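Please look over the sequence and the structure shown below before reading on. The briefing that follows goes through selected helices, domains and residues by topic.

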Amino acid sequence: MSLAWVLTLGAFLFSVGVYGVLARKNAVLVLMSIELMLNSVNINLIAFNAWFRDSAAVGQIFALFIITVAAAEVGVGLAIVLLVFRNRKTINVDEVDLLKW
Amino acid sequence: MSWPAVFVAIFGAVAAISAVAVVLSRNVVHAALSLVVVLGAAGAIFLVLGAEFVGWTQILIYVGAIVVLLLFGLMLTAAPIGKHALDNQQRGVAFLTSAAVFGVFTFIIWRSFGSQRIHLNQVVRTSDIGRSLFSGYILPFEVVSVLLLAALVGAIVLAKKD
């Protein structure tokens, strides 16, 4: 199996995530797009691990760390989103512009 | 074309189509459910590539916990269920940016790794992961556990009504 096709899949998922972060208005949908980007990095790490045939499985261990950090990120992110919703009655990221010049 | 390559191609196509559905869907709940399909297909790819433990962890944590958390977030914030404007006015710029990112990545990937092949002749078992994790990577492991604790406390403090 070609390594480059798996990496291209990861690159595609990352680009779709970039589009979602830039184009979505709802903060929860922005968080979903960030999950897409983190997951594409995991695909890259697993593919490189399978290609490298590392006996210590370093790629998989880093993928596990990324999954853990993603869980922490989505927990704190949703707490912030809930707090913004409680204070401003909206989670549209372009209406939360108090600090905007 | 070998059987693992066929499976990776099928699951990759499913993941790519569902990822596009996540960012283009007009319904927030449909977007979350498409995210489930993307993460499940990625977990299946991990299994095919010989990453047993990471594949099942992916299914367990992403599909089981993170998407449920995101759906909770959608419901608690009274997200507009139905046809509402979910996108801002930057769709053109966003598309150009992501297309440029994809183009650059693809160019670099194919120029650097275009001729490399993956030979699947070993499955990394959970015991291998555990041995590696608790010998060479014990410090990052502990740091990540402290990070999870900090995120837990931080989320409770933020979301608590005072």
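How are H1(A) and H2(A) oriented to each other, roughly parallel or roughly antiparallel? They are roughly antiparallel, where angles under 35 degrees count as roughly parallel, over 145 as roughly antiparallel, 65 to 115 as roughly perpendicular and the rest as oblique. This is a predicted model, in which local features need pLDDT of at least 70 and side-chain atom pairs count only at pLDDT 80 or more, while totals for chains, interfaces and linings use all residues. Residues are numbered from 1 along each chain as its sequence is written, and chains are lettered from A and ligands numbered from 1 in the order in which they are written.

**The helix pair in chain A**

- Helix H1 (residues 3-23) of chain A packs against helix H2 (residues 27-52) of chain A at an angle of about 165 degrees, and their axes are 8 Å apart; the axes are lines fitted to C-alpha atoms, for helices over the stretch in contact, and angles run from 0 to 180 degrees between N-to-C directions.
- Helices here are DSSP runs (H or I, at least four residues), numbered from the N terminus.
- H1(A) and H2(A) cross in a left-handed way, meaning that the near helix is turned anticlockwise from the far one by less than a right angle.
- In the contact of H1(A) with H2(A), the residues divide into 18 nonpolar, 7 polar and no charged, where Ala, Val, Leu, Ile, Met, Phe, Trp, Tyr, Cys and Pro count as nonpolar, Asp, Glu, Lys and Arg as charged, and the others, Gly among them, as polar.

- A:Thr8, which is placed in helix H1 of chain A, is partly exposed, with 19 other C-beta atoms within 10 Å; a residue is buried if 20 or more other C-beta atoms, placed from the backbone, lie within 10 Å of its own, exposed if 12 or fewer, and partly exposed in between.
- A:Thr8 and A:Glu95 are 87 residues apart in sequence, and their C-alpha atoms are 35 Å apart in space.
- A:Leu38, in helix H2 of chain A, is partly exposed, with 19 other C-beta atoms within 10 Å.
- Most residues other than glycine have a negative phi.
- A:Lys89, however, has a positive phi of about 60 degrees although it is not a glycine; A:Lys89 is placed in the segment after helix H3 (58-88) of chain A, and is exposed, with 10 other C-beta atoms within 10 Å.

**Domains and helices in chain B**

- Chain B is divided into domain 1 (1-82) and domain 2 (125-162), with bounds that come from an automatic or database domain assignment.
- The centres of domain 1 of chain B and domain 2 of chain B, taken over C-alpha atoms, are separated by 23 Å.
- Helix H6 (residues 138-159) of chain B has 22 residues and should span 32 Å at 1.5 Å a residue, which agrees with the 32 Å between its end C-alpha atoms; the expected span is 1.5 Å times one less than the number of residues.
- Of the 22 residues of H6(B), the number buried is 1, so the helix lies largely in the open.
- B:Leu152, found in helix H6 of chain B, counts as partly exposed with 14 C-beta neighbours inside 10 Å.
- B:Ile129 lies in helix H5 (residues 126-133) of chain B and counts as buried, with 21 C-beta neighbours inside 10 Å.

Methods. Helices (H or I, at least four residues) and strands (E, at least two) are DSSP runs, numbered from the N terminus.
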